[in-house]
Amino acid sequence: MGEMTLTAETGIPQVVMTREFDAPRELLFRAYTEPELIERWLGPRRLTTTVERLDVRHGGEWRFLHRDDEGEYAFRGVFHGTPSVEDGLVQTWEYEGAPGHVHLEVATFEDRDGGSRLVLNAVYPSVESRDAAFAAGMESGARESLDRLDELVATMQPVS
């Protein structure tokens with residue numbers, strides 16, 4: 001299992017996360033674009049994830065709902081460009097509990113020595129907005145999600 005690396009430079013409203021997987025990039029892309037797969041890995045284990053909307057195309061909207069015993073946490077966004085394994089995914093992310101704090105995320109899927117590497121580049125509207133995401137648990141949630149993604153893709157078979 002790969003370890004996530006995270007870079008968040010002082011004064012720059014950006015976070016770059018990388019993680020290597022022992023699976024082809026096509027499986028990662030599927031896990032990012034198929035609702036039933038997203039529900040199996042996105043978010044910390046204590047949360048149940050429901051994909052309420054997922055329109056994976058340029059201008060397509062999405063909405064995910066996380067639930068636990070304490071409540072519901074909804075996220076939404078829009079895809080930009082045409083999502084593909086080769087070009088990755090470009091989408092906005094907004095936590096509905098903090099409206100207006102939208103960040104743009106680019107996910108790229110790279111071939112890597114028999115496996116793949118996922119690179120997530122998130123650009124926030126301000127350093128304060130980025131830091132608020134950290135304060136809300138973004139880093140630990142991302143680490144746990146990517147651990148779960150690694151477990152999921154290990155069980156998946158490539159589509160012929």
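Contact means heavy atoms within 4.5 Å. The model treated here is predicted.

**Exercise 1.** Determine which residues of α4 are buried and what covers them.

Solution. Start with the cut-off: buried means under 20% relative accessible area. In α4, this holds for M138, G141, A142, S145, L146, R148, L149, D150, L152 and V153. Next, look for the elements in contact with these residues. The cover includes the strands β2 (14-21) and β8 (115-123), along with the helices α1 (25-33), α2 (35-41) and α3 (127-135).

**Exercise 2.** Classify the aromatic pairs W62 with F64 and F75 with W93.

Solution. Ring centres must lie within 6.5 Å; planes under 30 degrees apart count as stacked, over 60 as edge-to-face and the rest as tilted. The count by this rule is eight aromatic pairs. For W62 and F64, the centres are 4.4 Å apart and the planes 35° apart, a tilted pair. Both residues are buried. For F75 and W93, the centres are 6.2 Å apart and the planes stand at 70°, so the pair is edge-to-face. F75 belongs to strand β5 (residues 71-84) and W93 to strand β6 (residues 88-95), 18 residues apart. F75, at 21% relative accessible area, is partly exposed, whereas W93, at 15%, is buried. Finally, W62, F64, F75, W93 and Y95 form one aromatic cluster.

Conventions. Residues numbered from 1 in each chain as written. Predicted model: local features only at pLDDT ≥ 70, side-chain atom pairs only at ≥ 80, totals over all residues. Heavy atoms only, no water. Buried < 20%, exposed > 50% of the residue type's maximum accessible area, 1.4 Å probe, protein only. Helix = DSSP H or I, 4+ residues; strand = E, 2+ residues; numbered from the N terminus. Phe/Tyr/Trp six-rings, centres within 6.5 Å; stacked < 30°, edge-to-face > 60°.
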